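This briefing sets out the computed features of the structure shown below. The points are grouped by topic.

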Amino acid sequence: MNKKKKSKYPLIWKKGNLFIEIFCSIPNIATGILLRTDKTYFVVDPGDGILRDLNRNLNPSEILEISDVFITHGHHDHIGGLWSFLTYMTVMQREKPIDIFYPEGSLEIESIIAALLQVYSRDIKFKINLRKIADEKSFSREGMKIKPFKVNHKEPDFESGKAVPVPSLGYKFLYEGKSICYGGDTAFSDNLAKHAKDSDLAIIEAGAVDDSEMELHMTPEQAESIGESAKEYFLVHVPEKR
Ligand SMILES: [Zn+2]
């Protein structure tokens with residue numbers, strides 16, 4: 001049985017009190033995901049356009065309730081909307097702290113937050129808790145158990161011509177007996193395969209245009225082999241023009 005649901009963005013999935021909407025995940029453009037339960041809202045990978053997409057789906061008071069942001073890695077197509085998202089919170093006079101989880105070593109994320117705190121030092125009324133993740137220890141937020149896990153993402157180094165590792169994580173979200181596994185960007189990863197297996201939903205990237213990109217991303221065949229081990233799956237981050 002092919003468990004993949006084929007449809008255009010947004011990709012929406014719901015089971016019990018766990019709901020996810022993938023606004024989009026287009027390589028080099030943007031990924032943006034809203035995860036919600038009956039208790040709270042999380043943003044996963046605030047790529048460019050995240051604020052626009054949140055605004056289409058939530059009212060301002062709901063956007064202000066977003067408690068946590070989970071970032072898989074610092075590439076621009078996964079964090080490009082972080083600045084406007086947090087600036088919106090400032091303009092809307094948010095007071096509640098927000099927690100941002102990200103892989104240790106993501107210079108991009110720390111630099112954006114440092115610049116934002118400098119520019120808006122007089123206006124920001126809320127605390128931004130930077131939570132860098134250095135290991136795979138599980139933790140809980142608003143009744144959700146989160147299990148971060150290391151994946152194997154790289155970027156081309158144009159000087160050396162080699163692919164160099166990028167600090168990168170996947171996340172497994174577990175809530176009231178339901179689970180969603182999101183691998184972020186990665187080449188084939190046994191660790192992702194392990195966590196995706198038997199998940200209620202696996203969100204798997206298939207970003208390699210052809211086998212020559214297998215060091216950076218997964219081919220559709222690799223992504224499907226992992227997806228099929230979950231109860232349902234979405235393939236995301238698929239290049240638009242092959
Ligand atoms: Zn990436």
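Two strands are said to pair if DSSP finds at least two bridges between them. Helices (H or I, at least four residues) and strands (E, at least two) are DSSP runs, numbered from the N terminus. The model is predicted: local features need pLDDT of at least 70, side-chain atom pairs count only at pLDDT 80 or more, and totals for chains, interfaces and linings use all residues. Residues are numbered from 1 along each chain as its sequence is written.

**Overall form**

- The secondary structure of the chain comes to 7 helices and 15 strands.
- The C-alpha trace spans about 50 × 50 × 35 Å along its principal axes.
- The radius of gyration is taken over C-alpha atoms, and the globule rule is 2.2 Å times the number of residues to the power 0.38.
- For 242 residues, a compact globule would have a radius of gyration near 18 Å, and the 17 Å of the chain agrees with this.
- A residue is buried if 20 or more other C-beta atoms lie within 10 Å of its own, exposed if 12 or fewer, and partly exposed in between, with C-beta atoms placed from the backbone.
- Of the 242 residues, 42% count as buried.
- Two residues are in contact if their C-beta atoms, placed from the backbone, lie within 7 Å.
- Among the contacts in the chain with a separation of 6 or more, 62% are between residues 24 or more positions apart.

**The open sheet**

- An open sheet is formed by 7 strands in the order E1-E2-E3-E4-E5-E6-E7, with mixed pairing.
- E1 and strand E7 (128-133) stand at the edges with a single partner strand each, so one side of each has no neighbour in the sheet.
- From one strand to the next, the twist averages 15°; axes are lines fitted to C-alpha atoms, for helices over the stretch in contact, and angles run from 0 to 180 degrees between N-to-C directions.
- H1 lies across E2, E3 and E4 and runs at about 35° to E3.

**Strand E4 and its partners**

- Strand E3 (residues 30-36) pairs with E4 in the antiparallel sense over 4 bridges, and the two form a hairpin with 4 residues between them.
- Within this pairing, Tyr-41 is the bridge partner of Arg-36, and Val-44 is that of Ile-33.
- E4 and strand E5 (residues 66-70) run parallel and are joined by 4 bridges; here Val-43 stands opposite Val-69.
- In a regular strand the side chains alternate between the two faces of the sheet.
- In strand E4 (residues 41-44) both faces are covered: Tyr-41 and Val-43 are buried on one side, and Phe-42 and Val-44 are buried on the other.

**The loop between E3 and E4**

- Lys-39 is found in this loop and is partly exposed, with 13 other C-beta atoms within 10 Å.
- Leaving aside neighbours within four places in sequence, Lys-39 is in contact with Glu-142 and Gly-143.
- The C-alpha atoms of Lys-39 and Met-144 are 9.3 Å apart in space, although the two residues are 105 residues apart in sequence.

- A nonpolar core is a set of buried Ala, Val, Leu, Ile, Met, Phe, Trp, Tyr and Cys residues joined through C-beta atoms within 7 Å.
- The largest nonpolar core has 59 residues, and those with the most contacts inside it are Ile-22, Ala-202, Ile-203 and Ile-204.
- Strand E2 (residues 18-26) gives the most to this core, with 5 residues.
- Not counting residues up to four places away in sequence, Ala-202 touches Cys-181, Ala-196, Ile-226, Gly-227, Ala-230 and Tyr-233.
- Helix H7 (residues 220-227) has Gln-222, Ala-223, Ile-226 and Gly-227 buried.
- Seen down the axis of H7, these buried residues fall within an arc of 135°, so they line one face of the helix; the arc is that of the directions from the helix axis to the C-beta atoms.
- The buried residues of H7 pack against helix H6 (190-196), strand E14 (201-205) and strand E15 (233-236).

**Backbone details**

- Tyr-9 and Pro-10 are joined by a cis peptide bond, with omega about 0°; Pro-10 is in the segment before strand E1 (11-15).
- Asp-45, in the loop between E4 and helix H1 (50-57), has a phi near 55°, a positive value in a residue other than glycine.
- Asp-45 counts as buried, with 28 C-beta neighbours inside 10 Å.
- His-237, in the segment after E15, has a phi near 60°, a positive value in a residue other than glycine.
- His-237 is buried, with 26 other C-beta atoms within 10 Å.
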